[in-house]
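Biologist: Please pick one part of this model and go through it closely, starting with the terms and cut-offs. I would like to know what surrounds that part.

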Amino acid sequence: MIIESRNPATGVVEQVFDALTAEQLEAKLSKASAAAPGWRGQSYLQRGLYLRKVAELLRRDRESLAELMGREMGKLKAEALGEVDKCALACDHYADNTAALLADKTVATAAHKSQVIFQPLGTVMGIMPWNFPLWQVFRFLAPTLMAGNTALLKHAPNVPGCALAVEELFNEAGLPEGVFSTLLVTVEQTEALIADERIQGVAFTGSEKAGRQVATLAGQNLKKVVLELGGSDPLVVLEDANLEKAVEVAVKSRFSNAGQICIAAKRFILVEPIADQFVELLKERVAQLQPGSTLAPMAREDLRAGLHAQVQASIYQGAKPLCGCDIHEGDGYFYQASILDQVQPGMTAFDEELFGPVATIVRVADEQEALRMANATRFGLGASVWTADLQRGEAFARGVESGCCFVNAMVGSDVRLPFGGIKASGLGRELGSHGLMEFCNVKTVWIDA
């Protein structure tokens, strides 16, 4: 099988790669399994030295890595540079903090001594998406490797160059053979890997549909699985909010990375007293976005076609197009920066995730209806609420059904905090101490005199 690297800004195939043969895949899997005991036996200090070296290499190569992301999935240069920097930060954070976060915990019981200890599971496979082709990988790799597991990466097929670049970084850092490998493999090979007894866990980030398939396979084979799936995050604006700031963040959240972000603000839920003013400010900001300079292309032509079908279905169902809502003419997979108004439950734009540069406006009477609309979705990844009253904002955040909710700030991931969703947005957590423990055996040790 041939795996293509196609530039979304031009539609041109720039490089091709061969998928691994069955023999090559078996060799990589065997090496990962064989390396697990030795890697587990290294101290946190020793593992951390490798992660710190990788962080140095990321900072050294940030320009070339950013350009690679641009060529493979269309990421704008400034956004790509920020992504590389965040990967380096994750390496440093877990190198610095894993020993303390996974230290043995003594618990007072009737025993002479009772402890909770954290031991690696073995070999973990990460199945990662294309929209953050480095960050998604490193937020899986850094904690997984520091916890003492070996790791295998099955990356999205449209970013093979990024997948191999990550492997090259770890190789240059001197990581022992087999501790981490990239796998350029087919869907069928991936399914076989999930079932293989040498794989002890699976981390998946991607679509809800694919996540359900991975969860089914993992469950059938009794494998630990962490899923970070889609989202339809509400951005709720109450009547006392700072509208200028709310609009600024709304545009950044919705249209960065061409809107191809799981935790992007997607449903703008506005209370009536400020709805018209917010929409006018939003239209002004969105009109300034320029394809190729401040608005990236979508990653693939089929993704753009799917988004356009969702937009057209929503208009047919009664949503009002305020701007954009069409494919951008010219080379590449650009889609016009778009706004849909008067969106309601039952419409495609409300019920499904729009993974592209389309903002949806949901108008509500008051705060109570805003909370009801925020929760009227099968997704539960992130959310934000905007208000001048911080106590009101915190109370609202506690009522939102999501894995995280930000008050007066853009939803994002932070290496110090757990990240993940509920409902159809996934299960388990990445990052923070909770994410670090996902692929650990949380083990009780009971000692009597």
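Modeller: Two residues are in contact, or touch, when heavy atoms of theirs lie within 4.5 Å. The model is predicted, so local features need pLDDT of at least 70 and side-chain atom pairs pLDDT 80 or more, while totals for chains, interfaces and linings use all residues. Residues are numbered from 1 along each chain as its sequence is written, and side-chain values use heavy atoms, without hydrogens or water.

Helices (H or I, at least four residues) and strands (E, at least two) are DSSP runs numbered from the N terminus; two strands pair if DSSP finds at least two bridges between them. The sheet is open, with mixed pairing and the order 12-13-14-11-10-15-16. Strand 12 (320-323) and strand 16 (406-407) each have a single partner strand and stand at the edges, so one side of each has no neighbour in the sheet. Strand 12 runs antiparallel to strand 13 (residues 338-341), and three bridges join them. Lys320 is opposite Asp341 of strand 13.

Helix 10 (residues 272-287) packs on the sheet and touches strand 10 (233-237), strand 11 (265-271), strand 12, strand 13 and strand 14 (358-364). The direction of helix 10 makes about 140° with that of strand 11. Such angles run from 0 to 180 degrees between N-to-C directions, with axes fitted to C-alpha atoms, for helices over the stretch in contact. Helix 11 (residues 301-316) lies across strand 12, strand 13 and strand 14, at about 30° to strand 13.

Arg304 is in helix 11. Residues are buried under 20% relative accessible area, exposed over 50% and partly exposed in between (1.4 Å probe, protein chains only). Arg304, at 10% relative accessibility, therefore counts as buried. Not counting residues up to four places away in sequence, Arg304 touches Met298, Ile327, His328, Gly332, Tyr333, Phe334 and Tyr335. One of these, Tyr335, is 31 residues from Arg304 in sequence, with a C-alpha to C-alpha distance of 6.8 Å.

Ile422 is partly exposed, with a relative accessible area of 30%. With residues up to four places away left out, Ile422 touches Phe379, Gly380, Glu401, Ser402, Gly403 and Arg429. Ile422 and Phe379 are 43 residues apart along the chain, and their C-alpha atoms are separated by 7.1 Å.

For context, consider the nonpolar cores. A nonpolar core is a set of buried Ala, Val, Leu, Ile, Met, Phe, Trp, Tyr and Cys residues joined through side-chain atoms within 4.5 Å. The largest has 68 residues, of which Leu58, Leu134, Phe138, Leu141, Val166, Phe170 and Phe180 touch the most other members. Elements giving two or more residues to this core include helix 2 (44-60), helix 4 (77-101) and helix 5 (135-146). Helix 4 gives the most, with nine residues. Beyond four places in sequence, Leu58 is in contact with Leu65, Val84, Cys87, Ala88, Cys91, Phe138 and Leu169. A second, separate core has 56 residues, among them Leu76, Leu235, Leu307 and Ala374.
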